[in-house]
Amino acid sequence: MSEDVRRFYDDLAADYHHVYAEWESAIERQSCVLDRLIQRESSVNASVVLDCSCGIGTQAIGLARRGYEVFASDLSPRAIARAKSEAADRGLKIEFAVSDVREVERAFARKFDVVISCDNSLPHLLTEEDLTLALRSIRHTLKHDGLLVASIRDYDRLLAERPSFMGANVQGASEREVITFQVWDWSRESDTCLIRLFIMTRAPNGWQVRELRTRYRAIRRKELTLALESAGFSKIAWHTPEQSGYFQPVVTAHA
């Protein structure tokens with residue numbers, strides 16, 4: 001991933017929870033769904049999980065609460081620092097590392113029953129080469145027949161609709177109100193989209209506004225399936241939000 005992606009998440013780390021309507025509820029809700037998927041789809045008695053794009057710890061914290069032995073890595077040092085703090089505040093033992101997902105097999109000297117990559121992280125890999133490097137690195141961290149669980153946005157639908165705006169989240173009491181929303185600028189030359197994330201915070205003298213930018217590759221489900229097959233994965237299956245209860249399409253695959 002590029003330096004721009006690292007900088008985006010470094011700059012977002014302190015405010016990342018505002019992207020969710022209710023972060024604590026999202027931690028619980030997502031971990032519940034992921035736990036069900038892991039137990040249903042895993043070929044082994046899965047207990048050791050690597051979150052290879054953990055951000056501030058949304059999924060890692062939830063799975064650790066459910067009794068998994070969790071390891072977590074991310075490209076962003078500030079996101080990792082925030083995740084460490086959040087885990088410590090909750091009395092959770094999670095081992096963290098700063099790592100590019102394309103080289104994640106170097107982050108920890110062990111293999112895992114399950115690797116997760118949620119919240120649309122893989123589409124930051126803008127080229128087929130980088131996506132393949134990441135998927136191969138993830139596969140190398142998994143035990144034999146270990147399970148990958150990844151979620152991405154529904155780009156099959158989004159490429160047809162090409163929305164330009166993602167609705168606002170409004171949080172907090174009036175004196176500390178925070179509003180987040182996204183403007184999407186689609187490329188005419190490629191299936192990529194520049195996301196402009198606006199964070200508006202009410203201050204005593206008015207509103208303070210920050211704009212953060214990052215680019216995603218709109219990966220169709222068939223494209224990710226082919227990439228997974230090329231990286232050596234098998235038993236690939238897609239789970240829609242209606243089927244899984246997760247807020248994005250989820251793909252599972254075995255090493």
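# A briefing on the predicted model

The largest pocket of this predicted model has a volume of about 790 Å³, where a pocket is an open set of points on a 1 Å grid over the protein atoms alone, with protein on both sides within 12 Å along at least five of seven lines. A volume here is the space filled by probe spheres set on the points, which are joined across faces, edges and corners. Because the model is predicted, local features need pLDDT of at least 70 and side-chain atom pairs count only at pLDDT 80 or more, while totals for chains, interfaces and linings use all residues. Residues are numbered from 1 along each chain as its sequence is written, and side-chain values use heavy atoms, with hydrogens and water left out.

**Pocket and cavity**

- The largest pocket is lined by 34 residues, and those closest to its centre are Val 19, Arg 153, Gln 182, Phe 247 and Gln 248; lining residues have an atom within 4 Å of a point.
- Two or more residues of this pocket lining come from each of α1, α2, α6 (155-161), β6, β7 (178-186), β8 and β9; helices (H or I, at least four residues) and strands (E, at least two) are DSSP runs, numbered from the N terminus.
- One cavity of 30 Å³ or more is found in a search of the whole structure, a cavity being a set of points where a 1.4 Å probe fits but cannot get out.
- The largest cavity holds about 230 Å³ of space, and of its 23 lining residues the closest to the centre are Tyr 9, Ser 53, Gly 55, Asp 74 and Ser 121.
- Helices α1 and α3 each supply at least two residues of the lining of the largest cavity.

**The open sheet**

- Four strands, in the order β6-β7-β8-β9, form an open sheet with antiparallel pairing, and two strands pair if DSSP finds at least two bridges between them.
- At the edges are β6 (165-171) and β9 (206-217), each of which pairs on one side only.
- Strand β8 (residues 192-203) is joined to β9 by 12 bridges, and Ile 195 has Thr 214 in β9 as its bridge partner.
- Helix α1 (residues 3-12) lies across β8 and β9 and runs at about 150° to β9, with axes being lines fitted to C-alpha atoms, for helices over the stretch in contact, and angles running from 0 to 180 degrees between N-to-C directions.

- Helix α3 (residues 58-65) is largely enclosed by the rest of the structure, because seven of its eight residues are buried, meaning under 20% relative accessible area, whereas exposed means over 50% and partly exposed lies in between (1.4 Å probe, protein chains only).
- The buried residues of α3 pack against several elements, including α2 (23-41), β1 (48-51) and α4 (77-89).
- The largest nonpolar core has 79 residues, and Ile 94, Leu 135 and Phe 233 have the most contacts inside it; such a core is a set of buried Ala, Val, Leu, Ile, Met, Phe, Trp, Tyr and Cys residues joined through side-chain atoms within 4.5 Å.
- Leaving aside neighbours within four places in sequence, Leu 135 is in contact (heavy atoms within 4.5 Å) with residues including Leu 122, Leu 148 and Phe 233.

**Two single residues**

- Val 48 lies in strand β1 and is buried, with a relative accessible area of 6%.
- Arg 40 has its place in helix α2 and counts as exposed, at 52% relative accessibility.
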